[in-house]
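Please consult the sequence and the structure shown below.

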Amino acid sequence: MLSRKGIIPEEYVLTRLAEDVPDHARYRARERRARFVGKNGACNVAHKNIREQGRFLQDVFTTLVDLKWPHTLLIFTMSFLCSWLLFGMVWWLIAFAHGDLDHSTRLQRDLAEGAAGSAATFVPCVTSIHSFTSAFLFSIEVQVTIGFGGRMVTEECPAAILVLIVQNIVGLVINAIMLGCIFMKTSQAHRRAETLIFSKHAVIALREGRLCFMLRVGDLRKSMIISATIRMQVVKKTASLEGEVVPLNQIDIQMENPVGGNSIFLVSPLIIYHVIDKNSPLYDISPMNLHHHEDLEIIVILEGVVETTGITTQARTSYLADEILWGQRFVPIVAEEDGRYSVDYSKFGNTVKVPTPSCTARQLEEDKSIMDTMPLSPKGTIRKRSVKLKPKFTIS
């Protein structure tokens, strides 16, 4: 760390170094505010005392998709085993009722048919079934259509033919449901959202003479998000004039981006910003309010259609008050190299200090003299080379 401190300028804030410090080590004196939406987009909400559990069974397919992988695989395995055992028992009962399992009964029938002058041939319902094990194996062969050839249904028992039809239909239904469930779980939209990244911290700084709330968003994949839109909400505890307390009041805030409107072209990382004006819920926010116990959370939601699959995906993140840096600006990460633009994601969350007034947007709007005392950040200058032009001709 000492070597890094000497190499990295002090005005740069490396968010990755801040991630290594656990939250409980930084804030032990006072408990941190509970987060409504996690940094990975998961909603931090626990549902309790749900009395109508039967509503989940009315949509079995969605319930199976929402289950965790161990539970889904367990249900997948048990559904096949239970169906095989059930129809194995049915095939065993059919063979038992017809006398296929009793060798003495089969011998008596053969003797009776031989005494009557006919050929002594006993035809079972299902050939080569001698026990429950063989009936269970035949059930597996019927449902998964393996057909080893040692066991088959004869025309002796119409009930056996009916059971064969029913088991085939049941097997197809189970295959369709379970395979569809596995496919939906492997191609869920939130898997694509894993490569949509947000900056660890948000910043508040001046842009065009106005305080702006800014964050950076990027996409790690080359396949684009079509019709990507982004919106932000402020979640905080409020109270109405009548005394009603709303613990999680969601307030939409107007945001802007470099291309205008909510639709963005996310081919490279973009800085999304919100102008803090009189209509903004952040109008009275100052650097003194950006601490870990402040009742403030800003939720960012990015939605779009995946180009390769056509599935709508959504990525979410949130910023608590202590995750908003005052007087910081994101460093540039896009550069032109060898005729193409390259993005350096190692600096995705890096910020640099910039001159910013330590007052609210309301105070800045009411007192214009604050901007006169602010030193402007130096702008990049382009050096012009002095070129001596040689005269095309000389006069002697």
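Rings of Phe, Tyr and Trp, the last represented by its six-membered ring, count as a pair if their centres lie within 6.5 Å. In this predicted model, the structure holds six aromatic pairs. A search of the whole structure also finds one disulfide.

**Aromatic pairs in helix H6**

- The centres of the rings of phenylalanine 76 and phenylalanine 80 are 5.1 Å apart and their planes stand at 70°, so this pair is edge-to-face, planes over 60 degrees apart being assigned to that class.
- Both phenylalanine 76 and phenylalanine 80 belong to helix H6, which spans residues 69-98, and they are four residues apart, about one turn of the helix.
- Phenylalanine 76 has a relative accessibility of 24% and therefore counts as partly exposed, whereas phenylalanine 80, at 11%, counts as buried.
- Phenylalanine 80 also pairs with tryptophan 84: the ring centres are 5.9 Å apart and the planes are at 45°, so the pair is tilted.
- Phenylalanine 80 and tryptophan 84 likewise lie in helix H6, four residues apart, about one turn of the helix, and both are buried.
- Taken together, ring pairs link Phe76, Phe80 and Trp84 into a cluster.

**Charges over rings**

- Arginine 207 is placed over the face of tyrosine 273, at 4.6 Å from the ring centre.
- Arginine 216 has its charged end over the ring of phenylalanine 348, at 5.9 Å from the centre of that ring.

**The disulfide**

- Cysteine 125 is joined to cysteine 157 by a disulfide, with an S to S distance of 1.7 Å.
- The torsion about the S-S bond of cysteine 125 and cysteine 157 is about -50°, so the disulfide is left-handed.
- The pair links distant parts of the chain, 32 residues apart. Cysteine 125 lies in the loop between helix H7 (103-115) and helix H8 (132-144), while cysteine 157 lies in the loop between H8 and helix H9 (158-186).
- Both cysteine 125 and cysteine 157 are buried.

**Further cysteines**

- Cysteine 212 has a relative accessible area of 0% and is therefore buried.
- Cysteine 359 has a relative accessible area of 7%, so this residue is also buried, the cut-off for that class being under 20%.

Methods
Residues are numbered from 1 along each chain as its sequence is written. This is a predicted model: local features need pLDDT of at least 70, side-chain atom pairs count only at pLDDT 80 or more; totals for chains, interfaces and linings use all residues. Side-chain values use heavy atoms; hydrogens and water are left out. Rings of Phe, Tyr and Trp (its six-membered ring) pair if their centres lie within 6.5 Å; planes under 30 degrees apart count as stacked, over 60 as edge-to-face and the rest as tilted. Helices (H or I, at least four residues) and strands (E, at least two) are DSSP runs, numbered from the N terminus. Buried means under 20% relative accessible area, exposed over 50%, partly exposed in between (1.4 Å probe, protein chains only). A charge sits over a ring if NZ of Lys or CZ of Arg is within 6 Å of the ring centre and within 35 degrees of the ring normal. A disulfide is a pair of cysteine sulfur atoms within 2.5 Å.
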